[in-house]
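Trainee: I've got a structure open and I'd like to work through it with you. Can we start with the ligand and then go on to the sheet?

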Amino acid sequence: MTIHEYASRNDDAFTSSTKVAPMTNSAPAPALSFSGVSMVFPDGTHALGETSFDVRPGEFVTVVGPSGCGKSTLLRIASGLNKATTGTVTVDRAHLGYVFQDPTLLQWRNVQRNVELMAELEGIGKAERQSRALEAIELVGLKGFENKYPKQLSGGMKMRASLARSLVLEPKVFLFDEPFGAVDEITRERLNDEVISLFQRKGFAGLFITHSISEAVFLSTRVVVMSARPGRIIADFPVPFDYPRSPEIRFDAAFAALSGEISHALRDAHA
Amino acid sequence: MSLNVSVAADEPIVDPGAPASSDRSGFEWSRVIGPAAVLVIFVALWHYMHSDGMRRFFDKPGFLLPAPETVINDAFLNSLARSKLLTGLGWTTLVALTGLLITIVVGVSLAVMMAQAKWVERSTYPYLVALQAIPILSIVPVINSVFGGGISSRLFVCVMISIFPIVTNTLFGLTSADVGQHDLFTLRGASRRTRLFKLQLPSAMPAIFTGFRISAGLSVIGAVVGEQFFRKGSKPGIGIVMENYRQKGIYPQTYGGLILAAGLGIAMFLVFGWISKRVVGHWHESARKTT
Ligand SMILES: Nc1ncnc2c1ncn2[C@@H]1O[C@H](COP(=O)(O)OP(=O)(O)OP(=O)(O)O)[C@@H](O)[C@H]1O
Ligand SMILES: [Mg+2]
């Protein structure tokens, strides 16, 4: 497994002064680790305060926080799309899934070819990527729609295709940036069920962003609350429910209690 | 094996086997009636101008604008005139098509270079704009010396007149992919080349075809203008045939040539519209709404 220091991948323009975090042999190494990461944009916007936390294999961590507190920035730094001002990120970028808020499908490719894209860019051979794409399409419930073009799909279906596109890289770490913000409540719940079944089946470590507390609690093993900009972590709640999670747990008293606590923490975050 | 029990049950959209709802095959009367009505009005007006209008409004004889039926009779039903005009049309078509092909190759390549490096765009764009404003007449001697006054000179005029829309539309298209799509490519460390061929060029296709269509019409104009000035090699195009008739005062044939030249422009436009529909119609939203 290759460990990339952040921003080691894309460009030479990014001259990084940071070091690769040392691997420890004791506890299972985190799948994704932020250490002292902060971000100030060139225009002076202090988007992200100093942030350190790990996502271990088998964990599904959801981040909630006020709008503009730097959540997307955090994921962009994790993926290497942005370079942090300070700190290091440790993650295996060869097996990184990243679902954006918008499906960002290529309009001129059908579902099958869209799902193949990431594997294609990674240089995976045609036969291999086709079979991976077929499997991923089936997993997200788009079987039968392989030859449809994005303009023929509903918002939820586009999101499924976007999920499948990341799955073909067999991610060990999966980043989700508010992926279901634009679909209706029921569709969102269905897609949540699917994220959970993918999580169980594929065993990736998840880092998920949402504005919905119920979505956060339903999906995660841990919910992290961030403060207003510049965001930093102000609370960290373990979620005690076992997987697989039935949609019914949303009506559970313990679920409501935990949601209440997170809601309080978020209120403080806004203050 | 699927984990997903309720397969896409949340979105009762389309049966995957069903043909795409956008593949409309019904005949649309509105597409025919509109243009036909305009044609009828136009021809009627034309006829009126010939019989009365020229004299009444401009105090000029009607024969300067021969009646539509005279044009058809003298230019198209008369076999000698017809064959002269059609041969001319052939040469003009050849020049226009070849010119367009050169324009497409040069224009698209230039736009690709401009999209790759801002300095190329900055240093060439003003001259492309200027190129449009140059009266061909003023540089005839230069073109003559460089290209020899024959077909190549005509091709040069063709390219000169028609290159701008291809460059601007292609350039616009190449920058039309959204940031999120670019991010996807950045995530996997895609090279410039990969980005160009798998992202920028495909997403530019609708705009590129728009450029082709506009330039197709201009290239006909370029071919006609070019042959006025560069007659060497005795391959008289439709413009020259028309000019010869006009000098002899034979107006019906002159107008016949005009109709043919206009028809050529329309044909080129339609052909590119059709190709565009074939190439991008299945994914591009508006390709089926226009032309
Ligand atoms: N490229 C940029 N240049 C300057 N400022 C930026 C840039 N990108 C983001 N910002 C700013 O950084 C801050 C954090 O942005 P970010 O997108 O990470 O917020 P967020 O927590 O994801 O918000 P939301 O919940 O609304 O999506 C915002 O104030 C934003 O305006
Ligand atoms: Mg965001």
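Trainee: How far is a polar side-chain atom of Thr73(A) from an oxygen atom of ligand 1?

Mentor: First, this is a predicted model, where local features need pLDDT of at least 70, side-chain atom pairs count only at pLDDT 80 or more, and totals for chains, interfaces and linings use all residues. Side-chain values use heavy atoms, without hydrogens and water, while residues are numbered from 1 along each chain as its sequence is written, with chains lettered from A and ligands numbered from 1 in the order written. We're after a polar contact, meaning a pair of N or O atoms within 3.5 Å. For Thr73(A), the distance is 2.5 Å.

Trainee: How much of ligand 1 does the protein cover?

Mentor: On its own, ligand 1 has 640 Å² of accessible area (Shrake-Rupley method, 1.4 Å probe). The protein covers 65%.

Trainee: Which helix gives the most to the shell around ligand 1?

Mentor: The shell has 14 residues (a heavy atom within 4 Å of the ligand). Helices here are DSSP runs of H or I, at least four residues, and strands are E runs of at least two, numbered from the N terminus. With 3 residues, the top giver is α1 (71–79) of chain A.

Trainee: What are the edge strands of the open sheet of 6 strands?

Mentor: Its order is β6-β7-β8-β4-β9-β10 in chain A, with mixed pairing. Strands pair if DSSP finds at least two bridges between them. Pairing on one side only are β6 (96–99) and β10 (233–238) of chain A.

Methods. A polar contact is a pair of N or O atoms within 3.5 Å; within protein, one must be able to donate a hydrogen and the other to accept it, and residues adjacent in sequence count only if both atoms are side-chain atoms.
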